[in-house]
Amino acid sequence: MNPALIPVTLDELTVLSQRASTVIERLRERVFAPGTQKQLELVFNVRTAAEMVGRSEKAIRDYEADGRLPAPKKDEVTGRRNGYSLADVNRMRKLFGTMPHRAPEDPPLVLAVQNFKGGVGKSTMVVHLAQYFALKGYRVCVIDCDSQASSTAVFGLNPDVDVHEDEDTLYPFLQHGGPKTLHYALRATYWPGIAIIPANLGLYDAEYEFAARMARDPAFILDRLREGVMSIADQFDIILLDPPPALGMLSLSVLRAANALLIPAPPNNIDFASTAHFLKMMEATLSELARHGGAREYSFVKILTSKMDDQKSAHQAIKRMMDAVFPQDMLNAVLKDSAEIDNAAANLMTVYELTGAATRTETHKRCRAYLDAVGREVELLARKTWPSHHPNLRKEGLL
Ligand SMILES: Nc1ncnc2c1ncn2[C@@H]1O[C@H](COP(=O)(O)OP(=O)(O)OP(=O)(O)O)[C@@H](O)[C@H]1O
Ligand SMILES: [Mg+2]
């Protein structure tokens with residue numbers, strides 16, 4: 001008998017699945033302990049706050065002195081200033097008129113971070129971009145379209161406990177005769193400026209139901225998510241869509257709902273081959289969709305080199321090839337492979353949320369620089385789609 005070929009029974013798979021669930025439960029028990037709620041602990045000193053607001057430290061101090069801004073809070077024990085929270089910074093931005101919001105007549109950016117390949121860094125990019133934009137003062141909405149609910153969990157919601165599929169996710173909206181707008185599903189997060197429409201496993205059913213109805217009612221299926229996004233769009237500058245890793249109905253509706261695409265692609269052979277495949281399928285699918293009514297145009301489609309490891313010559317070679325093949329379409333910034341992203345993700349956190357000593361390591365600083373570079377480039381692309389930002393972009397020499 002060959003001991004390597006003992007068949008795995010269904011019972012054994014059940015045991016495996018139960019053990020995996022236990023591990024997840026333990027992780028979640030730690031992160032979502034009862035009575036605790038995720039909070040944003042970031043505080044900024046006056047110099048950083050002034051930079052974020054776009055005014056001098058003196059301007060802030062003057063406003064505090066004459067009461068237009070509240071006096072800065074002090075630590076009860078040490079008497080030292082506590083620093084400013086993001087909500088404080090946003091209050092200053094409002095007062096100084098430096099909120100970067102788009103004008104109502106500018107189109108909101110609906111950015112799908114899309115690739116049918118799994119594990120390329122879609123959710124990582126969505127949550128970090130959301131927080132990058134929120135730190136700048138933009139109004140952001142994250143729509144979690146993936147039943148794996150990765151973004152939902154990072155924003156402090158336990159998909160199995162805090163999210164009810166019949167009420168809280170996209171699911172009811174995707175039903176025939178469902179709610180007229182997506183307002184019911186919008187929730188504020190502990191991040192000022194970020195709202196989320198969460199997901200949970202129930203969203204998986206929508207995939208089957210959609211597929212079953214596709215032949216009868218393609219227009220409803222394909223455009224429903226777009227209609228939903230438009231129903232809430234006036235409140236936001238940027239709506240980020242986090243799709244599931246598959247060419248299913250939900251992914252297609254995400255392609256239809258978005259007006260810009262960011263495609264993360266790790267520079268290794270297998271992932272790159274599937275990105276090439278994704279682009280080919282996307283092209284075919286979009287022309288097919290166009291025949292079903294109205295072509296979809298994107299303000300931009302950019303490929304982001306993700307999880308790049310400089311130490312690997314193969315990564316460098318494929319990155320060079322990507323740059324040569326898509327010279328116009330690559331984002332200049334690269335999201336390098338970083339232990340910091342994994343460390344943060346292990347605690348269902350982002351790199352932007354880390355505070356204190358954790359932020360003083362070289363690994364952290366480097367990782368933050370990669371993320372900021374990606375954020376800055378996407379921010380510039382977003383602002384270019386907003387005519388009201390053009391005069392300032394010209395002044396800044398960016399247009
Ligand atoms: N730049 C990076 N450096 C290190 N680890 C990364 C990086 N980007 C993503 N990861 C890790 O890779 C894993 C997959 O990332 P992520 O969940 O963002 O991918 P995804 O494309 O959303 O996956 P899925 O297709 O399953 O939704 C996660 O564990 C994440 O922490
Ligand atoms: Mg994901």
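**Stop one: the annotated span**

Start by selecting residues 110-283, which the unreviewed UniProt entry lists as "domain: AAA". Keep in mind as you look around that this is a predicted model. In the span 110-283, 40% is helix and 15% is strand.

**Stop two: ligand 1 and its pocket**

Next, click on ligand 1. The space this ligand takes up is the second largest pocket. To see what builds the shell around ligand 1, colour helix H5 (122-135), strand S8 (335-336) and helix H12 (339-346), the elements that each give two or more residues to it.

How many residues surround ligand 1? Show them and you'll have 19, with Lys122, Ser123, Thr124, Lys336 and Ser338 the closest.

**Stop three: the backbone contacts**

Begin at valine 120, where a polar backbone atom sits 3.1 Å from an oxygen atom of ligand 1. Then hop over to lysine 336: one of its backbone N or O atoms is 2.9 Å from a nitrogen atom of the ligand. Serine 338 also brings a backbone N or O atom to a ligand nitrogen, at 2.8 Å.

Ligand 1 on its own has 630 Å² of accessible area, and the protein covers 83% of that.

Terms used
Residues numbered from 1 in each chain as written. Chains lettered and ligands numbered in written order. Predicted model: local features only at pLDDT ≥ 70, side-chain atom pairs only at ≥ 80, totals over all residues. Heavy atoms only, no water. Near = heavy atom within 4 Å. Polar contact = N/O pair within 3.5 Å; in protein donor to acceptor, adjacent residues only side chain to side chain. Areas by Shrake-Rupley, 256 points an atom, 1.4 Å probe, with all protein chains shown as cover. 1 Å grid on protein atoms, 1.4 Å probe; cavity = no way out; pocket = protein on both sides within 12 Å on 5 of 7 lines; lining within 4 Å. Sits in = over half its atoms within 2 Å of the grid points. Helix = DSSP H or I, 4+ residues; strand = E, 2+ residues; numbered from the N terminus. UniProt positions renumbered as here; feature names shortened; annotations may be inferred.
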